[in-house]
Amino acid sequence: MATQSDAPPNSIHGKPLNPGSQVTEPTVDDGQNAKAEAKKESSPTSVFVNSEPIREEQVQNAVKFLSHPNVRGSPVIYRRSFLERKGLTKEEIDEAFRRVPDQTPAVTTTQPVATSQDGQIKAPSNIQQQAPIQTLQPAPAGSISKIGRFSRFHWSHALLAVGFLAVSGAGTAVFFKKAVIPRLKSWIRKVVLEEEGLQKKYKVKPSLAEEAAAAAKAAAAAAADVAQTSQEMLISKTEEKRCFEELISMINVQLREMKLMSNAIDKLEGRTHGRIPMEEQDDHRVSWTGLRQPYANGKVDADSRSVRSSSPSASVEPSVAPHPKSYMEIMAMIQRGEKPSNIREINDAPPNPNQPVPLPRLAPRAKPWEVGQVQSTLTNVIQSQESSNGVSHESKDNQLNGDDVVPWWQRKNVRITEIDTGDEQKFGSSNVVSNVRPVQRSWVPPQPPPVAMPEAAAAIRQPKKSLLQKDQLTDEQSLARSADVNDELQRITKLSESGGAMEVNGGSSGLNSSEIQKEEDNSHLEM
Amino acid sequence: MASSKELRERGTPFKIKLITTRSPPPNPNLRRDMPVFKTPFNGYSVKFSPFYESQLAVATSQNFGILGNGRLHVLQLNPTITEITSFDTADGVYDLCWSESHDSLLIAAVADGSLKIYDLSLPPTSNPIRSLHEHAREAHGVDFNTVRKDSFLSASWDDTVKLWTVDRPTSVRTFKEHAYCVYSAAWNPRHADVFASASGDCTVRIWDVREPGSTMILPAHEFEILSCDWNKYDDCIIATASVDKSIKVWDVRNYRVPVAVLNGHGYAVRKVKFSPHRMSAIASCSYDMTVCLWDYMVEDALIGRYDHHTEFAVGVDMSVLVEGLLASTGWDELVYVWQHGMDPRAP
């Protein structure tokens, strides 16, 4: 569209110029600029992309995690989420997932399991065969030396170990029988004889001491009872005190609540105009926190926000914010299955789903952080005016809204905008924009006013640049000052109108109005 | 409109205390008395209009948003806070955003998973003009693109983010990678195709709509992340607010370590918003019922604290058109609008 509008003027004014070459140049430039655009677009967005290389350590940790039998049963998304939370990048996670199925851990683990089972079966049968003790003693020693060899001799290892244990057990039993028990018996007999002797001695003076001991015991028991009962009394007293205190605090709380409600009512009635005394506010806050203590613990759902019936509650919060009383009441109601009574049936469906979206009455206002970019992007603004469709403001550098005065082209563009999905349109528009730029630069000097008019229009708004552009204009005016030119230009615009695929109303009307402006300008300059 | 030089000066960070003599030049459209507005339902979100200085909208839900209807209020600040109009919804409204291209369009994120588009230039009986219902679960956040001004995002508890345009009845794209609820999505203020999403799976993901999947994953917190927002003056800085009571500021170019960690809230931080006027100023609201103002480049980052709410403070916004104008709403069914440096409750 822009290119097509460019080509005809070339063919008319620049006769020696080959229109074909003119057309190819923009396309070549277009291709280069599309690439440049793509590069340009990718390099700023590369800030928002992971540029870290894959960390092998993290990948290996992830592989270990993913190989764990418990993890293998969980859904993939939770595995990914866990790794993401640990700080792994997408590439690292993908690499770990790629590596995990490659291992065959099952093959190596089955062999030792089988052999150990065999060893256990054989061992009991072997114990019966291994009667003599001494023959197996060198065998355990031999088994120790065989520890180095692993899988094959495992069963024999177990065999030998069990045999050794059995033998040693038998040996100690025999030893005990023969040597230790007679000694024990004699020692016991000694002790018993001594005791009998002692008892005969002590029978003489038992009575007094016994009585005294009995009396002391009784006294002690009585004292203990007394102490116990007094303690119980104390406990009950303190409990009573506590109950009373709680009651009082509850009453206080209720009092404050009532105060609050009355304040709220006052507010509603508009009496105080928000001027609630500070002390009350403090009290109020204290009372609210006092209220909420009991409910902090009562909260079942860990997630304090998502309190919908099927709400998510996976994570544990560091500390749950105490919820208002009525909130807990409503939650309890819902959990019981009751529905709060204040809900109405509302039909909020659109009455006319095909209602056309209205035209904006105001142009978008510049954002405070965008204003600084106005000066630098003036040329872009001008060039983007060439593109007649509304997608001119898709390019990052084009801060079209930096202009305070609402430009006519912007308004028209907003109306026109038909936003098709992504690539096709964006690519096409970026092509257009990139088309415009180099072409603009290459033919600004010799070109007649209609293309340059929007420049002048902008120039009038921006005093700095207007001087330069007005100079250009006068040159151009001198070159092409005739009614014929106007007619030709009108023809050109009509051609461009019919020829331009993406060109919609805005472009042609834009050009028309630029023509009008040009005529006005003509008259002005002529004067 | 101020010259660019003046705005650049405003962009440099400086510390101001709560009681300060410095105040922005009085805007003739706004009066100083800012009484509170009482909503019948619990407030969930408040947003200033990008077109009119004295207009803002509030999203509210009945019964704390657990179960009940919702209402979207459009308020006028002149001469006092009054309601221009309101729209009822069958389910609670969790968030709203104003269109950046049309001065009369509003988009509401409804708890039944739908997005409703309202047109203020039409009578209430013709509203909503669209109901976009694709999310399988509650729609929790909406954000409108400020660069290209043609599209908006919706963040939902069905773990997805969807991209929409006003004229299309179906979504343009669905971004499904999070493992848990997505609470918020925010467009980058300088790059038309880049946005960030904050999720309950404890990560923030950065996406480019031209790419098939997310381009960056920031494991920003150990707990659920409820909100994120980009720095308007530095397109690589992003702030995240989490259930762990902290706000962390990250630079995506070096995202392993946060630029700043802002502690001070007593409970989960529900919403975070970068100032449109000051480069390093952040406003936040929390379940500790306060709205705080921070300057993350300063050692002692907390520069203002407002505890006017008597319930969870759930929504906060800073006006793009009026410097220093803040609005907040909470479960106490009140909406406050005030100038930073003033007491929100004072007339």
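A residue is called buried when its relative accessible area is under 20%, exposed when that area is over 50%, and partly exposed in between, with a 1.4 Å probe and protein chains only. Helices (H or I, at least four residues) and strands (E, at least two) are DSSP runs, numbered from the N terminus.

This is a predicted model, in which local features need pLDDT of at least 70 and side-chain atom pairs count only at pLDDT 80 or more, while totals for chains, interfaces and linings use all residues. Residues are numbered from 1 along each chain as its sequence is written, chains are lettered from A and ligands numbered from 1 in the order in which they are written, and side-chain values use heavy atoms, with hydrogens and water left out.

The bond that joins B:Asn78 to B:Pro79 is cis, with an omega of about -15°, and B:Pro79 lies in the loop that runs between β4 (70–76) and β5 (82–89) of chain B. Further along, a cis peptide bond links B:Asn127 with B:Pro128, where omega is about -5°; B:Pro128 sits in the loop between β8 (114–119) and β9 (130–133) of chain B.

Backbone angles are the next topic. B:Lys149, a residue other than glycine, has a positive phi near 55°; its place is the loop between β10 (139–144) and β11 (151–156) of chain B, and B:Lys149 is buried, with a relative accessible area of 6%. B:Asp159, in the loop between β11 and β12 (160–165) of chain B, is likewise a residue other than glycine with a positive phi, here near 70°, and B:Asp159 counts as buried because its relative accessible area is 19%.
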